[in-house]
Amino acid sequence: MLSTCKSMKIFDLINQFLKEFNQAMSDHQLREDKGQKHRHKPNRLSDSEVID
């Protein structure tokens with residue numbers, strides 16, 4: 001069984017890792033553009049496109 005001190009160290013390491021990970025991943029994530037209109041068209045081919 002882990003002692004309280006060891007488990008606290010593990011949680012602290014995880015916390016530090018997640019802070020750095022989230023900071024690094026924030027540069028690679030898509031951002032929501034508020035105020036811009038987006039298309040709401042389904043991504044399907046029409047019948048004429050399928051026949052081609």
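**View 1. Met 25 in helix H1.** Met 25 is partly exposed, at a relative accessible area of 31% (buried is under 20%, exposed over 50%, partly exposed in between; 1.4 Å probe, protein chains only). Met 25 sits in helix H1 (helices are DSSP runs of H or I, at least four residues; strands are E, at least two; numbering starts at the N terminus). This is a predicted model: local features need pLDDT of at least 70, side-chain atom pairs pLDDT 80 or more, while totals for chains, interfaces and linings use all residues. Residues are numbered from 1 along each chain as its sequence is written, and side-chain values use heavy atoms, without hydrogens and water.

**View 2. The stacked pair Phe 17 and Phe 21.** The count is one aromatic pair. Phe 17 and Phe 21 stack, 5.7 Å centre to centre with 20° between the planes (ring centres of Phe, Tyr or Trp, its six-membered ring, within 6.5 Å; stacked under 30 degrees, edge-to-face over 60, the rest tilted). About one helical turn separates them, because Phe 17 and Phe 21 are four residues apart in helix H1 (residues 4–25). Phe 21 is partly exposed, at 39% relative accessible area.

**View 3. The whole chain.** The chain has two helices and zero strands. Of its 52 residues, 0% count as buried.
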